[in-house]
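The sequence and the model are shown first.

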Amino acid sequence: MNIEKQRKAIDKIDAQIVKLLNDRTRHVLEIGKAKVQAGEEIYAPHRESDLLRRIRKLNGGPIADESLSAIYREVMSSALSLQKTLTIAYLGPEATFTHQAAINRFGSSLIYSPQKTIADVFAEVGRNRVEYGVVPVENSTEGVVTHTLDMFTDSDLKIVAQVLLPIHHYLVGKGRLKSIKKLYSHPQAFAQCRGWLRENLPNAEYIESSSTTRAAELASKEKNAAAIASELAAQRCNLRVLEPGIQDSSTNTTRFLVLGRKCSPPTGNDRTSVMFSLADKVGALHEALSALRDQKLNMTKIE
């Protein structure tokens, strides 16, 4: 088949895809109406997870599973935006890893509201100003985000989903690697790139910033400056990627929590977080944890 015939075949398939996507969306909207009448949440993370697993199982290639999942994430995001104006609060500013995690979970069709602090994200969800919030809780190399855990002490919010985001740090700037005299970034980014910085930029002045996005903004205003930031932040600030993937650990991953006001229904394959206090006596922790052993529940983390 020649190129022209291939293109005509693609045009025909595109028309079918557009029709089917709209047919699918109409069914989703009807389900949304039924959920509203029943007083249920529009967003169902357990249903999304099941759908993505089923899609990957159906995939026979050549599209990669990750690419197909990303396509369907946007299909679902578009349908969500038609059912209800959903706003997602996240620890800002824009183009941070938390912003990226939120988009990875909800797609690009919803409204995103950057917040200055983790407490602000909790407050926005708790006061019904937004539907959901996204906050970091743990990094594989730097450990737990204690502020997030502390917020649950006085909050009634629930964890409705989690996002695992591989962290890739980029050295971004306008000049060349050899000309860098100042390097801006968030303290955690510096910590996660210690080895690379020691080898490649031992004489640069390291300046801490409130976020990797802010670091990129500062670097964009100086000739011999650079920043450690995300690729998204580099694009927003019109900076070039001077060196990709400078993090010391190739498995560097941050876990984010999606906050909501209602728990999702159990699926039989869930992760549950429990917060409790103990009496001040010998063996108190042992007694508390024995309940998990007796029920044959596996712990993935204790803090």
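Predicted model: local features only at pLDDT ≥ 70, side-chain atom pairs only at ≥ 80, totals over all residues.

## Gln16 and helix H1

Gln16 is partly exposed, with a relative accessible area of 43%. Here buried means under 20% relative accessible area, exposed over 50%, and partly exposed in between, computed with a 1.4 Å probe on protein chains only. Gln16 sits in helix H1.

Residues are numbered from 1 along each chain as its sequence is written, and side-chain values use heavy atoms, with hydrogens and water left out.

## The chain as a whole

The protein chain holds 11 helices and 11 strands. These are DSSP runs numbered from the N terminus: helices are H or I with at least four residues, strands are E with at least two. The C-alpha trace spans about 80 × 60 × 35 Å along its principal axes.

Of the 303 residues in the chain, 39% are buried. Among contacts with a separation of 6 or more, 75% join residues 24 or more positions apart; a contact means heavy atoms within 4.5 Å.

Helix H3 covers residues 65-83, 19 residues in total. From first C-alpha to last, H3 reaches 27 Å, close to the 27 Å expected at 1.5 Å a residue. The expected span is 1.5 Å times one less than the number of residues. The buried residues of H3 are Leu68, Ser69, Arg73, Val75, Met76, Ser77, Ala79 and Leu80. An α-helix has 3.6 residues a turn, so residues three or four places apart point the same way. The cover over the buried residues of H3 includes helix H1 (3-38), helix H2 (45-58) and H4.

Tyr72 also lies in H3, and is partly exposed at a relative accessible area of 24%. Leaving out residues up to four places away in sequence, Tyr72 touches Arg24, Leu51, Leu52 and Ile55. Tyr72 and Asp14 are 58 residues apart in sequence, and their C-alpha atoms are 16 Å apart.

## Nonpolar cores

A nonpolar core is a set of buried Ala, Val, Leu, Ile, Met, Phe, Trp, Tyr and Cys residues joined through side-chain atoms within 4.5 Å. The largest has 21 residues, of which Phe106, Val134 and Val258 touch the most other members. Strand S1 (87-91), H4, S3, strand S5 (158-166) and S11 each supply at least two residues of this core. Apart from it lies another core, of 15 residues, including Tyr170, Leu218, Cys237 and Leu239.

Not counting residues up to four places away in sequence, Val134 touches Ile88, Ala89, Tyr90, Leu91, Thr98, Ala102, Phe106, Val121, Phe256, Leu257 and Val258.

## The second largest pocket

The second largest pocket has about 500 Å³ of space. A pocket is an open set of points on a 1 Å grid over the protein atoms alone, where a 1.4 Å probe fits, with protein on both sides within 12 Å along at least five of seven lines; lining residues have an atom within 4 Å of a point. Grid points are joined across faces, edges and corners, and the volume is the space filled by probe spheres set on the points.

The lining of this pocket has 26 residues, and Leu91, Thr98, Pro136, His186 and Gln188 are the closest to the centre. At least two lining residues come from each of helix H4 (97-106), strand S3 (132-139), strand S4 (143-144), helix H7 (187-192) and strand S11 (253-260). By class, the lining has 10 nonpolar, 13 polar and 3 charged residues. Nonpolar covers Ala, Val, Leu, Ile, Met, Phe, Trp, Tyr, Cys and Pro; charged covers Asp, Glu, Lys and Arg; the others, Gly among them, count as polar.

## Backbone exceptions

Most residues other than glycine have a negative phi, and most peptide bonds are trans. A cis peptide bond joins Gly61 and Pro62, with omega about 10°; Pro62 is in the loop between H2 and H3. Another cis bond, between Gly92 and Pro93, has omega about 5°, and Pro93 lies in the loop between S1 and H4.

Asn128 has a positive phi, near 65°. Asn128 belongs to the loop between helix H5 (118-126) and S3 and is exposed, at 52% relative accessible area. Phi of Asn238 is also positive, about 55°. The loop that holds Asn238 runs between helix H10 (231-236) and strand S10 (240-243), and Asn238 is exposed, at 65%.
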